[in-house]
Amino acid sequence: MPTAPQPQPQPQPAEQPTRGAEQPHPAQRPDPAGQSQPEQPTASEQPNPPLSGERFDARHRASADAPPPSQLSRRAFGGVVGATAATAAAVAAAGPAAAATSRAARDTGAAAAGTRAGRPGHEGGTEAEFEAATDRRSRRPNILFILADDLGWADLSSYGSPDIHTPHLDRLARQGVRFTQAYSGSATCSPTRFSLYTGRYPGRTRGGLAEPIADRSVGLDPNHPTLASLLRDAGYATALIGKWHCGYLPDYSPTRSGWDEFFGNFGGALEYYSKLGLSGEYDLYEGDAEYKDLRYYTRILTERASDYVRRGHGGKPWLLNLNFTTPHWPWIAEGDEEESARLTARIRAGEKGVLNHREGGSLATYREMVRDLDASVGRVLAALRDSGEEHNTLVIFSSDNGGERWSYQWPLSGNKFTLEEGGIRVPNLVRWPARLRRNQVSHEPVASYDWTATLLEVAGARPHPAYPLDGVSLAGYLLRGERLAERDLFWRVRGERALRRGDWKYYRGADGRDKLFHLTNDPREQANHATTDKPRLARLRAAWEKVDAGLLPYED
C-alpha cells in the first residue's frame, strides 16, 4: 500500500476579516483588449493554516454558545455565470420600489442573501446583472469543478450566512458570476453525481436509481459516456480527486469511466482521519490501490488538487473534478482527533451507523468545517494562480444537494433528501477571467446537468448521439449574449416529484398531495396554489409525468 510523503510545514498568515471598502487591485483593471486580469488576494484572503488540536478546542469553545468523439469549432465555446450578494443589498437599501423593479426580485433567495451582503468580503462591491462579454475570445479552457458535500444554499457569506465567513469563496464570487437559482440534479449524493457526469436525469441509468448508492450492486456503467470520457476523447487530461460515490471496485471506478487519474474515496462517507467507510472498510485509494495517509482528509485532497493544477499536462487542457467530502458528516473539524478516535473505535468494534454521527456535531463544529472548506478552496485557487493558468481556467463551485442537520437554509424549506427548495437549491459560483466579466449575478434557473452540456461545448466536444443529454448548454447565454429559453427542470426521488417551469414549481411530497408554488413570491413554499390555479397544476403535472414515463422505474 503506498503511503503519503511527510509534508513540510508551510506557515500561512491567519485569515482576518476584511475591513472597509475593497480597493481594486491594479492587476484587475481592464487591459487594452478589455479583458480583466487576475486579482491578487488581499492579506485577509490568504489561505489559513490547518488548526492544531489546541487551536480547534479554543475556537470550538469560543463559538459553542453562538447563535445558530467529433469536435466543435472554437467559435462554439461556452461559458458560465455568477457574482456576489451586493446588488441585492443595494436594492434593499433603495427601498421596496427599487426591489420591485429589479430583476433580482425574480429570485426571492437573492433578496435574502442580499441582507447579508455587508459581511466581510463584500464591502464596496456592487453586483451587476449578468451580461455576456461577447467581444472576448480564448482557447479551450482548463476546467476545475469543485463540489462541496451537503453544503446548504445559504452556508456561504456570499449567500447570506449570518455566522460563517467564507472570504475565499466570496472572492471567487466577486471575480465571476454568482447564480441565485442553481439546483442539484437530485436531493442526495449519488444521483446528483450521475446527473453531472452524464448530463442526464439520474433515472436514465440503473445506478442513478439508488438514492444514494449504499452497496456494491450498482454503479455508473463504464460503457456510459461521461463528461470525462468525452473530454478525454477531445484531447483533455482528466482527473477526479475526492469523493466518487458512483459505485465500488471491482466493477466501478473513475478510471473506468473516463478519468485518467483518481485519488479519493469510493463510498458516500468516511471518517476524516482513519479513512474508515460506512462498512468499516479502509476507503482511501490512488487509482484502484489503497493509499495510506491518516492525516485530515480535507487537507490531503487540497494538497493533491494543488499539485495537479500546478503540474504541466503536456500542453493539454485539463479537467479536474475536485469533490470534497466537507461538510458531510461525521462532524469532525481538523484537530478534533479525540472525537475521531472515539468514532473509529466504535466502527472497529462492529457498531453500525457510526458515521451518521446522530449523537454528535454542533453549530460550532459545522461552522469550522465550512470555514475549512473555504480555506481549502483558497489554497487550490492560489496554486492555480501560481501555475499561470488562472486566466483561462473555468472554475465552477457548487454542492451536490441541499444542506443537512446544521446547515443554514433560510428562507428555503426542507433539506437534503427532499425536493423542497432546501433539498435541491445550491450555491453556484463560476469564474473564467478570459471570457466572463467579474462581479455579476444571474437569476436564471440552472441545474447540474446543464453544466455538463455547457462544459462539453466550451471544450469543443459533443455528446454521444446514443445518449442524448437532458441538460441544456448555457454557452450561448454566457458567452454570446443569447437569451436562455424557458424550459422545465425535472426531479424525481422515491416518494417525491417536482418540476419547475419559470417561476412556478409543481411538487408532490411524501404526503401524496399535489402542491403548486410561485417561487419568486414564495421561496419558502408555503402558499399552495393547487386549488386556485388548477389548469396550471394540471399542465405541470402532465409535463412531469411525460418525462417520468421515459425513465427507468424504481426497483422494489
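**View A. Strand 15 is largely enclosed by the rest of the structure**. Strand 15 covers residues 504-508, and four of its five residues are buried, so the rest of the structure largely encloses this strand. Buried stands for under 20% relative accessible area, with exposed over 50% and partly exposed in between (1.4 Å probe, protein chains only). Helices (H or I, at least four residues) and strands (E, at least two) are DSSP runs, numbered from the N terminus. Please keep in mind that this is a predicted model, in which local features need pLDDT of at least 70 and side-chain atom pairs count only at pLDDT 80 or more, while totals for chains, interfaces and linings use all residues. Residues are numbered from 1 along each chain as its sequence is written, and side-chain values use heavy atoms, with hydrogens and water left out.

**View B. Strand 15 pairs with strand 14 and with strand 16**. Strands count as paired if DSSP finds at least two bridges between them. Strand 14 (residues 496-501) runs antiparallel to strand 15, with five bridges between the two; here leucine 499 has tyrosine 506 of strand 15 as its bridge partner. Two residues separate these strands in a hairpin, where glycine 502 in the turn has a positive phi of about 60 degrees. On to strand 16 (residues 514-518): its pairing with strand 15 is also antiparallel, over five bridges, and histidine 518 is the bridge partner of tryptophan 504. This hairpin has five residues between its strands, and glycine 512 in the turn has a positive phi of about 80 degrees.

**View C. Threonine 393 is a buried residue of strand 9**. Strand 9 spans residues 393-399 and includes threonine 393, which counts as buried because its relative accessibility is 0%. Its side chain makes a polar contact with the side chain of asparagine 142 at 3.3 Å. A polar contact is a pair of N or O atoms within 3.5 Å; within protein, one must be able to donate a hydrogen and the other to accept it, and residues adjacent in sequence count only if both atoms are side-chain atoms. Leaving aside neighbours within four places in sequence, the residues in contact with threonine 393 (heavy atoms within 4.5 Å) include Leu144, Trp318 and Arg431.

**View D. Cysteine 189 and cysteine 246 are too far apart for a bond**. A disulfide is counted when two cysteine sulfur atoms lie within 2.5 Å, and the count comes to zero. For cysteine 189, the closest cysteine sulfur is that of cysteine 246, at 9.9 Å, too far for a bond. Cysteine 189 counts as buried at 2% relative accessibility, and cysteine 246 counts as buried at 0%.

**View E. Tryptophan 244 and tryptophan 259 form an edge-to-face pair**. The whole structure holds 17 aromatic pairs. Rings of Phe, Tyr and Trp (its six-membered ring) pair if their centres lie within 6.5 Å; planes under 30 degrees apart count as stacked, over 60 as edge-to-face and the rest as tilted. With centres 5.8 Å apart and planes at 80 degrees, tryptophan 244 and tryptophan 259 are edge-to-face. Both lie in the loop between strand 4 (237-243) and strand 5 (261-265), so the pair ties together parts that are 15 residues apart in sequence. Tryptophan 244 and tryptophan 259 are buried.
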